[in-house]
Amino acid sequence: MDSAATDRFDTGRFEAGRSRLVSLAYRLLGSATDAEDAVQDAFLHWQAADRQRIRVPEAWLTKVVTNLCLDRLRSAQARRERTAGAWLPEPLLDNDPMLGPADTFEQRESVSLAVLTLMERLSPVERAVYVLREAFAYAHAEIAEILDITESASQQHLHRARRRVTAARRGDGEADPAAARRIIEEFLTAASSGRTERLVELLTDDATAISDGVGGLAEKLLRYDTPSRIAAVVRAGFKPTPAKRRLAGGPLALHYALVNGAPAVLFVLGDRITGAVTFDLADGKITTVRGIAAPTRLARLTEAWRRHAPDTPLIDQW
């Protein structure tokens, strides 16, 4: 082949694996935008490489993307953003290809907002080993090659990562989809009608709530850690008022959806998502409520929603 044909062939090989690479990068970074940037940087590395000498492109690209993500996690800017207390994972609508493999419980759990948040407690290398092993089933020998560590070190990193994630995890297994929806519908009914006692009943005793504030403008995440406080904040936030409608730009429709595998309520204005509230459940109750309103965190969610066949809203004129 001439050079132009070779470039087209090699570009095709890269594009064939792009979705897997983006899914890997998203799990490592927790940000769709950063994941796409990392994969685009990997493409530039691919174009500049002597591709004739790359025997297994998939392995080579996996190593490049993983290490580009580790560089981002270690960067001073990323450390400042994440330690400043204003970081949340970027939510994705279910069936977004960036969520990647979802055949096993471990694969689905590794991309949940709960685990993406828990992985912030891991070192960058522990996070990489955990993702490569749990989500993509790489052998320790392969992980060692990707990260330039020994197999023994890979096993130790995985052991520590699993221990930390398991210790912080709340609840086991996956909630029944129908039961999960009923719980969220009850929660929404209680919140919009101001029934704080019912909200408290739906929360576990150690429930927590996290929000990036109205419009996503809070400098630090707002945190609430008692059922009564959460119920009061939720009642104030969910109960519709004319002032809230004016601030939102008009009446909103509230839709039930699955976001990163978990139940969520989406606030939709026209074809744009202005807010997302996601829920973690355990034993029929809510353990965590996350309120996400920053437009940058909702951009990809909105893009996916516009391609989504709209269902009947839970509330059509909030």
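Buried means under 20% relative accessible area, exposed means over 50%, and partly exposed falls in between (1.4 Å probe, protein chains only). This is a predicted model, where local features need pLDDT of at least 70 and side-chain atom pairs count only at pLDDT 80 or more, while totals for chains, interfaces and linings use all residues. Residues are numbered from 1 along each chain as its sequence is written, and side-chain values use heavy atoms, with hydrogens and water left out.

**View A. Glu201 and Arg198 pair up within helix H12.** Glu201 is partly exposed, with 44% relative accessible area. Its salt bridge (a side-chain nitrogen of Lys or Arg within 4 Å of a carboxyl oxygen of Asp or Glu) goes to Arg198, with the closest N and O atoms 2.9 Å apart. The two residues sit three apart, about one turn of the helix. Helices here are DSSP runs (H or I, at least four residues), numbered from the N terminus.

**View B. Arg198 also meets Glu186 in a salt bridge.** Here the N to O distance is 2.2 Å. Glu186 belongs to helix H11 (residues 177–193) and Arg198 to helix H12 (residues 196–202), so this pair ties together parts twelve residues apart in sequence. Glu186 is partly exposed at 35%.

**View C. Asp41 and Arg72 form a salt bridge.** Their closest N and O atoms are 2.9 Å apart. Asp41 comes from helix H3 (residues 32–48) and Arg72 from helix H4 (residues 57–74), so the link joins parts 31 residues apart in sequence. Both ends are partly exposed: Asp41 has 27% relative accessibility, and Arg72 has 24%.
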